[in-house]
Amino acid sequence: MDSLTVLMAEDDADDRLLIEEAFSQLESPGDVRFVQDGEELMHYLRREGKYADPGVSPRPALILLDLNMPRKDGREALLEMKADPDLQEIPVVVWTTSNEPWDKIQSRKAGASTYLTKPASYDDLLSAVRNIVKRYLAG
């Protein structure tokens, strides 16, 4: 199976490491790539700057999006992605510490496919990633 690109916008290095380990442990078909905030996410998606080469920035099959990031947060990036006809079809899983009902409602209204609160344990994280792989990456 060809590798599918999973792009995660996450500013926390520990969270990036845990996601990378989970995808690897599950032998996911997803090639996980990372950006650190919403601004970098949009540069990647629009192939701007260091992401101009499609070999460096393959179109993601799925985006994992943290809401609380510096420069441009996930809320702003989600609205921007879903307003862009070239990007709006990419599924977005909001992956955040926020358990606020308002964030859940607004994320769904803005076009998020799924809203997940970051699991507290690695086993729960592994289970959540397994479900994401089955739903979005399984052929």
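In the predicted model, Arg 71 is placed in the loop between strand 3 and helix 3. The phi angle of Arg 71 is near 60 degrees, a positive value in a residue other than glycine, and with a relative accessible area of 56% the residue is exposed. A positive phi is also found at Arg 47, where the angle is near 55 degrees; Arg 47 lies in the loop between helix 2 and strand 3 and, at a relative accessible area of 33%, is partly exposed. Most residues other than glycine have a negative phi.

The loop between helix 2 and strand 3 (62–65) also holds Ser 57. Ser 57 has a relative accessibility of 1% and therefore counts as buried, since the cut-off for burial is under 20%. When residues up to four places away in sequence are not counted, Ser 57 touches Tyr 44, Arg 47 and Tyr 51. Both of these tyrosines, Tyr 44 and Tyr 51, are themselves buried. One aromatic pair is counted in the model: the ring centres of Tyr 44 and Tyr 51 lie 5.2 Å apart with the planes at 55 degrees, so the pair is classed as tilted.

Tyr 44 belongs to the buried set of helix 2, which also includes Gly 38, Glu 40, Leu 41, Met 42 and Leu 45. Because six of its eight residues are buried, helix 2 is largely enclosed by the rest of the structure. The buried residues of this helix pack against strand 1 (4–9), strand 2 (30–35), strand 3 and helix 3.

The crossing of helix 2 past helix 3 is right-handed. The residues that meet are Gly 38, Leu 41, Met 42 and Leu 45 on the side of helix 2, and Ala 77, Glu 80 and Met 81 on the side of helix 3. By class, this contact of helix 2 with helix 3 is made up of five nonpolar residues, one polar residue and one charged residue.

Helix 3 also packs with helix 4 (residues 101–110), at an angle of about 20 degrees and with the axes 9 Å apart, and these two helices are therefore likewise roughly parallel to each other. Here helix 3 passes helix 4 in a left-handed crossing. From helix 3, Arg 75, Leu 78, Leu 79 and Lys 82 meet Asp 103, Ser 107 and Ala 110 of helix 4. The contact of helix 3 with helix 4 comprises three nonpolar, one polar and three charged residues.

Ser 107, found in helix 4, is buried, with a relative accessible area of 4%. Apart from residues up to four places away in sequence, Ser 107 touches Leu 67, Leu 78, Val 94, Ala 112 and Tyr 115. Between Ser 107 and Gly 74 there are 33 residues of separation in sequence, while the C-alpha to C-alpha distance is 9.3 Å.

Note on methods
Residues are numbered from 1 along each chain as its sequence is written. This is a predicted model: local features need pLDDT of at least 70, side-chain atom pairs count only at pLDDT 80 or more; totals for chains, interfaces and linings use all residues. Side-chain values use heavy atoms; hydrogens and water are left out. Rings of Phe, Tyr and Trp (its six-membered ring) pair if their centres lie within 6.5 Å; planes under 30 degrees apart count as stacked, over 60 as edge-to-face and the rest as tilted. Buried means under 20% relative accessible area, exposed over 50%, partly exposed in between (1.4 Å probe, protein chains only). A crossing is left-handed if the near helix is turned anticlockwise from the far one by less than a right angle, and right-handed if clockwise. Helices (H or I, at least four residues) and strands (E, at least two) are DSSP runs, numbered from the N terminus. Contact means heavy atoms within 4.5 Å. Ala, Val, Leu, Ile, Met, Phe, Trp, Tyr, Cys and Pro count as nonpolar, Asp, Glu, Lys and Arg as charged, and the others, Gly among them, as polar. Axes are lines fitted to C-alpha atoms, for helices over the stretch in contact, and angles run from 0 to 180 degrees between N-to-C directions. Angles under 35 degrees count as roughly parallel, over 145 as roughly antiparallel, 65 to 115 as roughly perpendicular and the rest as oblique.
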